[in-house]
Amino acid sequence: MSIYETDIWRVGIIKAPMETVIYEGINHIHWLREEPAFQFLADPFGLHQDGKFYIFAESYDYRDRHGRIEVVILDEALRLLDRALVLEEPWHLSYPMMIKDQGQIYMLPEAYKSGKTTLYKAKRFPYQWEPVSEFTFPEVAIDPSIFFYNRLWWIFYTPANSGYSRQSVLSIAFSENLMGPWQIHPQNPVRITPSSSRPGGNVVVTDSEVLLPTQDCTMTYGGGLSFLKITCLTPHKFEAHIVKRLKANNVNFGSYSHGIHTFSALGNYTLIDAKKMDQSMFQRLKIDALYHTRKKVDVFT
């Protein structure tokens with residue numbers, strides 16, 4: 001009999017800045033509560049302002065296989081203040097990268113099943129978001145990671161091509177303005193390897209270095225993180241090499257020791273997600289699907 005496994009992710013907060021965690025490791029983690037059966041939170045990105053922590057994440061339900069974006073709001077003691085669904089589309093949404101520019105707050109989620117890359121602006125932060133019509137991007141991007149560096153906006157992303165490329169290819173685009181026009185880097189793809197290509201969170205920019213978290217998918221999807229130190233980034237050239245790796249089974253994550261695939265900033269704290277493999281979930285989903293037949297819930301679409 002075949003054994004089917006499903007990924008269940010959980011979001012954690014490390015009380016240290018991203019660069020410190022990269023080089024010194026994880027000493028303590030505060031976990032958000034586990035989600036109900038068939039559900040998880042993943043791909044956390046955050047903002048710290050007005051004395052509150054705002055964590056935006058993919059909320060996923062295996063019963064409809066649809067990702068939505070929720071916000072979890074915490075106080076300075078990491079106590080829950082509110083949680084709400086803030087963005088839902090007919091297509092799957094994940095990886096809600098947060099951006100601040102000229103006093104505005106934006107979100108750039110992954111939405112490759114829509115056939116385009118869409119930027120959203122906060123209409124009423126953090127609860128209401130609207131598409132930005134003037135933003136245009138020349139490719140459908142998976143896990144687009146955006147940042148400002150050397151007077152240019154940059155997006156690291158994985159093209160939405162074949163299944164292999166979705167875990168193994170890194171491409172770059174750049175622009176003088178957030179809205180574009182965006183130019184494809186002439187060196188694309190700049191990296192092809194499942195160990196360190198697909199973006200995995202915020203880019204860390206300091207006075208001395210630029211670090212890109214990437215997913216290590218050599219053994220399993222989101223099996224760990226590889227941190228690329230970018231030694232050259234211009235409109236004509238890209239160079240980088242791995243300086244650190246992080247795997248969940250090397251730290252005390254308990255049952256969530258099968259992977260890490262997002263690493264992002266929450267003010268001076270760091271957000272991560274970690275996964276466990278649930279071998280019973282597949283059979284439970286089949287039972288749940290039969291039970292909800294009258295509601296026409298099709299688990300396997």
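Strand E7 gives the largest share of the lining of the second largest pocket, four residues. Strands here are DSSP E runs of at least two residues and helices are H or I runs of at least four, numbered from the N terminus. A pocket is an open set of points on a 1 Å grid over the protein atoms alone, where a 1.4 Å probe fits, with protein on both sides within 12 Å along at least five of seven lines; lining residues have an atom within 4 Å of a point.

Before going on, please note that this is a predicted model, in which local features need pLDDT of at least 70 and side-chain atom pairs count only at pLDDT 80 or more, while totals for chains, interfaces and linings use all residues. Residues are numbered from 1 along each chain as its sequence is written, and side-chain values use heavy atoms, with hydrogens and water left out.

Let us stay with that second largest pocket. Its lining has 21 residues, and Met98, Ile146, Asn202, Val203 and Ala265 lie nearest its centre. Besides E7 (94-101), the elements giving two or more residues are E3, E11 and E16 (204-205).

Now turn to the largest pocket. Among its 20 lining residues, Glu58, Tyr60, His92, Arg198 and Tyr221 lie nearest the centre. Strands E1 (6-14), E3 (39-49), E4 (52-61) and E11 (141-149) and helix H2 (165-168) each supply at least two residues of this lining.

Finally, look again at Ile146. Leaving aside neighbours within four places in sequence, Ile146 is in contact (heavy atoms within 4.5 Å) with residues including Met97, Ile99, Trp153 and Leu178.
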